[in-house]
Amino acid sequence: MSILDKFRLDGKVAVVTGGGRGIGAACAKAFAEAGANIVIGARTMSELESVQAEIEALGQKAVVIKLDVLNQDDRENFINAAIDAFGRIDILVNNAGGFPPKPALKTSIDDFEAAFRFNVSTALACTQLAIPKMIETAGEGSIINISSVAGHEPCSQFVAYGVAKSSLSFLTKELAQEFAPKIRVNAIAVGSTKTEALNTVLTPQIEKDMVDLTPMNRLGEVEDISACALYLASPASAYLTGDIIQVNGGLNSLNMKMPRAFD
Ligand SMILES: NC(=O)c1ccc[n+]([C@@H]2O[C@H](COP(=O)([O-])OP(=O)(O)OC[C@H]3O[C@@H](n4cnc5c(N)ncnc54)[C@H](OP(=O)(O)O)[C@@H]3O)[C@@H](O)[C@H]2O)c1
């Protein structure tokens, strides 16, 4: 058996939240290229359908489901869609998430809790639905949480997002302990990666500053993240659980110049 065979996902089924664009879409396409069938969910059907067409062009099947990860009925339909369409579920990527930076004194408790709910509670809720089905249909599984460098390195104005992603990373470690050896749970702490979400804050000057502060001297591409996700999803990482892989171009602090409270 070639070592490259360990990166194959033939016969497996992956479900990806937020799979309509950006990192989620790239993960879905990488898994399809490796032989998996895919379920992707997000709120915008037209974007999901574009990704579905790309997956079908790769020779795999893709089911698209309207999903708001904050809604429990949607989450149930999403996980059940994998069983209905393909009879199994092997891989879950908890990718949908995010939250804009905001000064701490302007971050309401509602904001703080909303960031936690969107990034952490939804990942736990999808995991709770997926694990019994993984065990029942595949006997094992791999769960990948999309965390952030902001959850590992402190930065001004990231009190809500940073604490939420930090919690998502720790949730990953907790679940890995509880569900080993059948279910592996790992995370990717993503650095600044070129997606629509990042584009909303980029100006040419901000981009230049970010690149200058990044040891690898560029922003991430979605394929930098999906290559790591493929490793975590596949038997290549069979001995890895509870880990947070830092795919961030070598950062050991955030590459954003954020104003401090007394600037
Ligand atoms: N890009 C970066 O630099 C970066 C850095 C660190 C971490 N991350 C993390 O990476 C993940 C993906 O971010 P991205 O940059 O790929 O963002 P993106 O390009 O904006 O894509 C986000 C995807 O999630 C979907 N989504 C948003 N809200 C949703 C909801 N309530 N329910 C279901 N799906 C939802 C979006 O579709 P709809 O809007 O149609 O629902 C879209 O398909 C996030 O968890 C983010 O925190 C990104």
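In the predicted model, helix H1 (22-33), strand E5 (141-148) and helix H6 (196-199) each contribute at least two residues to the shell around the ligand. Helices (H or I, at least four residues) and strands (E, at least two) are DSSP runs numbered from the N terminus. Residues are numbered from 1 along each chain as its sequence is written. Because the model is predicted, local features need pLDDT of at least 70 and side-chain atom pairs count only at pLDDT 80 or more, whereas totals for chains, interfaces and linings use all residues.

Among the 28 residues around the ligand, Gly18, Gly20, Gly22, Thr44 and Gly97 come nearest; a residue is near a molecule if its C-beta atom, placed from the backbone, lies within 6 Å of it. The shell comprises 10 nonpolar, 13 polar and five charged residues, with Ala, Val, Leu, Ile, Met, Phe, Trp, Tyr, Cys and Pro taken as nonpolar, Asp, Glu, Lys and Arg as charged, and the others, Gly among them, as polar.

Strand E2 (residues 37-42) runs parallel to E3 and is joined to it by five bridges; pairing requires at least two bridges found by DSSP. Within this pair, Gly41 stands opposite Ile65 in E3. From E2 the chain passes through helix H2 (residues 45-57) to E3 in a right-handed β-α-β crossover, that is, one whose path from the first strand over the helix to the second runs clockwise with the strands pointing away from the viewer. Four of the five residues of E3 (residues 62-66) are buried, a state defined by 20 or more other C-beta atoms within 10 Å of a residue's own; 12 or fewer denote an exposed residue, and values in between a partly exposed one.

The largest nonpolar core holds 73 residues, of which Ala14, Ala28, Phe31, Ile38, Ile40 and Ala229 touch the most other members. Such a core is a set of buried Ala, Val, Leu, Ile, Met, Phe, Trp, Tyr and Cys residues joined through C-beta atoms within 7 Å. Helix H5 (residues 159-179) supplies the largest share of this core, nine residues. Beyond four places in sequence, the contacts of Phe31 (C-beta atoms within 7 Å) are Leu9, Ala14, Ala36, Ile38, Ile91, Leu230 and Ala233.

The peptide bond from Ala180 to Pro181 is cis, with omega near 5 degrees, and Pro181 lies between H5 and strand E6 (183-190). Gln157, although not a glycine, has a positive phi of about 75 degrees; this residue is buried because 20 C-beta neighbours lie inside 10 Å.

Note on methods: Two residues are in contact if their C-beta atoms, placed from the backbone, lie within 7 Å.
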